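This report describes one structure, from its overall build down to single residues. Please keep the sequence and the model in view while reading.

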Amino acid sequence: MVDLVWLIPTFPLLGFLTLICLGKSVREPIAGWLATTAMAGSFLSVLLVFIGMLLEKNENRQTVFTLFDWIPAGDFKVDIGFLADPLSITMCLFITGVGTLIHLYSIGYMHGDSDFNRFFTYLNLFAFSMLVLVLGDNLLLTFLGWEGVGACSYLLISFWFRDRANATAGKKAFITNRVGDWGFMVAMFLIFFNFGSLQYLEIFNILESNQIAKTTTTFIVLMLFVGAMGKSAQFPLYLWLPDAMAGPTPVSALIHAATMVTSGVYLLIRVNPIMVEASTWSTGLIAWVGVGTALFAASIAVAQTDIKKVLAYSTVSQLGYMVLAVGCGAYTAAIFHMITHAFFKALLFLGAGSVIHGMDGEQDLRRYGGLRSLMPITAGTFIIGWLAIAGVPPFSGFWSKDEILAFAWNKSPLLWIVGIVTALLTAFYMTRQVVLTFFGKPRYLDAGDAGDAGDAGDAGDAGDAGDAGDAGDAGDEIKPHESPWTMTLPLVALAVLSVVGGLIQLPFSSSTKWLEHWLEPATFHNETHLHLSSSTLWVLALLALVSVVAGIGIGLTTYLKEKIDKQIFEKPILHNAWNFDSTVSRFMGGPGSKAFAAVARFDKQVIDGAVDGTGQIVKKTASILRRTQNGLVRTYALGIGIGAIGLLIWFLTRTTI
Amino acid sequence: MSITTTWYLLLAAILFSIGTTGLLVRRNPLIMFMCIELMLNAVNITFVSIGSHLNDLGGQLAVFFVLVVAAAEVVIGLALVVAIMRRRSRTNADDLKILGG
């Protein structure tokens, strides 16, 4: 059944082609159901392949299916081929599984949108590209998918492009990703130059038999990491992800939480044999960038007021954890966290979308409050997501985060400390979000402009005062309501997965580490081995638990009991993301753009000048030579005569010498 | 004094020079044609005389080719001359530069 792997990307492709051919001729829900069916078909085929692979022996689980030659050019040969191994199939499982649920959710969420069909067309194209990225058996095919998801991300972020801010956010995402793509491409050139192939398995074979210089592999890894930085939103290329929240919420859930942003991590894990050959400082750098990003983003998330911005920074932070795991050589842990994160972050985003939907587009946390009783299913599932991401046992997030932290301790206790602080912050900001949204007294009825007042509490008082009359009408319009079943069903399904997701890799004994054994054919035993005693592990887990409880506790006392002034945490500098974004914008807008203008001038004058100059010289010479063509036959005859005599003289003098 | 190959070659050279000069100085297309024929036949004399000097039939063989080419050339050339003369009777070769466009 493994040879059905080609079916996996075919379904979304068919869905995309059907939708694009039908265009506007299909009525609203049908397009959504078509797209959802395509995704469900894809999910079923992944399941078939998965079962087929389970029946195989562990060492037979890696197979390449070549469909056809793509680029045959001398020594350089690239196929369209799919690499079916536990890693790619695991990715496919959660991409199509979560993808199907999000497609279903979108039918409800996008209800009434004038571009309903376009949305699902893009969504299916995205799923196709993502599956190509994951299944590609060579770097170039992965890159094709990589660019495909980038393009779809751009299209979907600026989906409501009539608003200029959304279009700008899309462009920002696209351009920031180009920086990462540059790294990916340089890595590809280097790999082809040194290995003569782009196919993963061939590269790994060559790596095993030949001696490749450590500097080369180090540089390749660093360049690939630049690519991963762009896609997986690591510092300093994370800038695009918070802005990407301009897209519809299902897009944020699917692309910017569950799937696309994990592709950088996937890429690094895919090339783990190269990672192992690289020098340790490069993997150390990866770990530090990861954990630094995790802490940095978590600190920003504390002070965000937009429900989606909190989740966006949280995603950046969780991706930092995954990169940390990769840097520590804990590939299984990274994949494990990727899976659980896909579950609970998709759940949180969809929950946020459900809240936004019920609140008629309101995204400001300060305008929520007390929604628990009005949206019971959303609230219940969101709370499960909160417990999962915060790392409360036995929810899935606890197991995956704990495993990463154990490996971090294994590499360096310093990494672990930063990681544990991040865990505390994570618990805190998620508690803040949940309390502000679902608990406390309702603030959406207050007429006062919470955004301008800067403080929800003050805004409430202002609302009672003078302008209650005219603002009261606006307040009455918001009637929070539970979402339709197409939206709540995915929430429930994801909530269940968030609870039980940890079961695939329990740290108690070797036999409960199912995921690690399953991934062995793809990690080639390159995984770092923990050399920690079980008592150390217990202490670490306990400390992690303490930090989580502390985070939740502080969050609850601040926002539910309101015993601590929340201004202590919500510093303006945190709200402005440490001014990093604005600094970059200022630099790029000022000296940066001047430098690029200079480069453009150099290109125009020197590079183009050389090309144009050659043309001018030819033109000038030609206009001189043209005079010889005067149309008089005797001149030509004279020319021939002189030429003949000249040749004669030349031959004669040559023979005499 | 016997007539050696040198004399034949000398004759050919003189004929060729006359032909060349004629081609360069005259503007009447017909005369220019005759000059070209003169040059071709000067070359033919060279072929034949050197062929007989070296006892090689190749020289005479080459002459046949030259004759065939000359005949073809004359056919096309005269046709052109006739066509031009019909349009403008007092035309010389230099006037044809208007064909340059």
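Helices here are DSSP runs of H or I with at least four residues, numbered from the N terminus. The model is a predicted one.

**Overall build of chain A**

The secondary structure of chain A consists of 27 helices and 2 strands. Along the principal axes, the C-alpha atoms of chain A fill a box of roughly 115 × 65 × 50 Å. Chain A has 657 residues, and 51% of them count as buried. Among contacts in chain A that join residues at least 6 apart in sequence, 80% are between residues at least 24 apart.

Chain A is divided into domain 1 (344–454 + 481–572) and domain 2 (587–656). The C-alpha centres of domain 1 of chain A and domain 2 of chain A are 70 Å apart.

**A packed pair of helices**

Two packed helices are described by the angle between their axes and the distance between the axes. Helix 2 (residues 28–55) of chain A and helix 4 (residues 116–135) of chain A pack at an angle of about 10°, and their axes are 8 Å apart. Angles under 35 degrees count as roughly parallel, and therefore helix 2 of chain A and helix 4 of chain A are roughly parallel to each other. On the side of helix 2 of chain A, the residues making the contact include A:Ala31, A:Gly32, A:Ala35 and A:Ala38. On the side of helix 4 of chain A, they include A:Phe116, A:Phe120, A:Leu123 and A:Ala127. Sorted by class, the contact of helix 2 of chain A with helix 4 of chain A has 8 nonpolar, 4 polar and 1 charged residues.

**The buried interior**

Is helix 10 (residues 249–258) of chain A buried or exposed? Of its 10 residues, 10 are buried, so helix 10 of chain A is largely enclosed by the rest of the structure. Among these buried residues are A:Thr249, A:Ser252 and A:His256, along with A:Ala253, A:Ala257 and A:Ala258. The cover over the buried residues of helix 10 of chain A includes helix 3 (86–109), helix 4, helix 5 (139–157), helix 9, helix 14 (307–327) and helix 15 of chain A.

In soluble globular proteins, nonpolar side chains tend to be buried together. The largest nonpolar core in this model has 202 residues, of which A:Leu224, A:Val265, A:Leu324, A:Ala325, A:Ala334 and A:Ala346 touch the most other members. Helix 15 (residues 331–358) of chain A gives the most to this core, with 17 residues. Leaving aside neighbours within four places in sequence, A:Ala346 is in contact with A:Val98, A:Ile102, A:Ala253, A:Ala257, A:Ala258 and A:Leu494. Apart from this core lies another, of 6 residues, among them B:Ala12, B:Leu23, B:Met32 and B:Met39.

**Backbone exceptions**

Most residues other than glycine have a negative phi, and most peptide bonds are trans.

| Residue(s) | Feature | Value |
|---|---|---|
| A:Phe235 and A:Pro236 | cis peptide bond | omega about 0° |
| A:Pro393 and A:Pro394 | cis peptide bond | omega about 0° |
| A:Glu562 | positive phi, not a glycine | about 55° |
| A:Asn579 | positive phi, not a glycine | about 55° |

A:Pro394 lies in the loop between helix 16 (376–390) and helix 17 (396–411) of chain A. The place of A:Glu562 is the loop between helix 24 (534–560) and helix 25 (572–575) of chain A. A:Asn579 is in the loop between helix 25 and helix 26 (580–625) of chain A.

**Where the chains meet**

How many residues of chain B are in contact with chain A? There are 8, and they contact 8 residues of chain A. The side of chain B that touches chain A has, by class, 4 nonpolar, 2 polar and 2 charged residues.

A:Arg634 touches B:Leu23, B:Leu24 and B:Ala93. A:Arg634 belongs to helix 27 (residues 633–656) of chain A. Because A:Arg634 has 16 other C-beta atoms within 10 Å, A:Arg634 is partly exposed. A:Arg634 and A:Ala622 are 12 residues apart in sequence, and their C-alpha atoms are 22 Å apart in space.

Notes: Residues are numbered from 1 along each chain as its sequence is written. Chains are lettered from A and ligands numbered from 1 in the order in which they are written. Domain bounds come from an automatic or database domain assignment. Two residues are in contact if their C-beta atoms, placed from the backbone, lie within 7 Å. Ala, Val, Leu, Ile, Met, Phe, Trp, Tyr, Cys and Pro count as nonpolar, Asp, Glu, Lys and Arg as charged, and the others, Gly among them, as polar. A residue is buried if 20 or more other C-beta atoms lie within 10 Å of its own, exposed if 12 or fewer, and partly exposed in between; C-beta atoms are placed from the backbone. Axes are lines fitted to C-alpha atoms, for helices over the stretch in contact, and angles run from 0 to 180 degrees between N-to-C directions. Angles under 35 degrees count as roughly parallel, over 145 as roughly antiparallel, 65 to 115 as roughly perpendicular and the rest as oblique. A nonpolar core is a set of buried Ala, Val, Leu, Ile, Met, Phe, Trp, Tyr and Cys residues joined through C-beta atoms within 7 Å.
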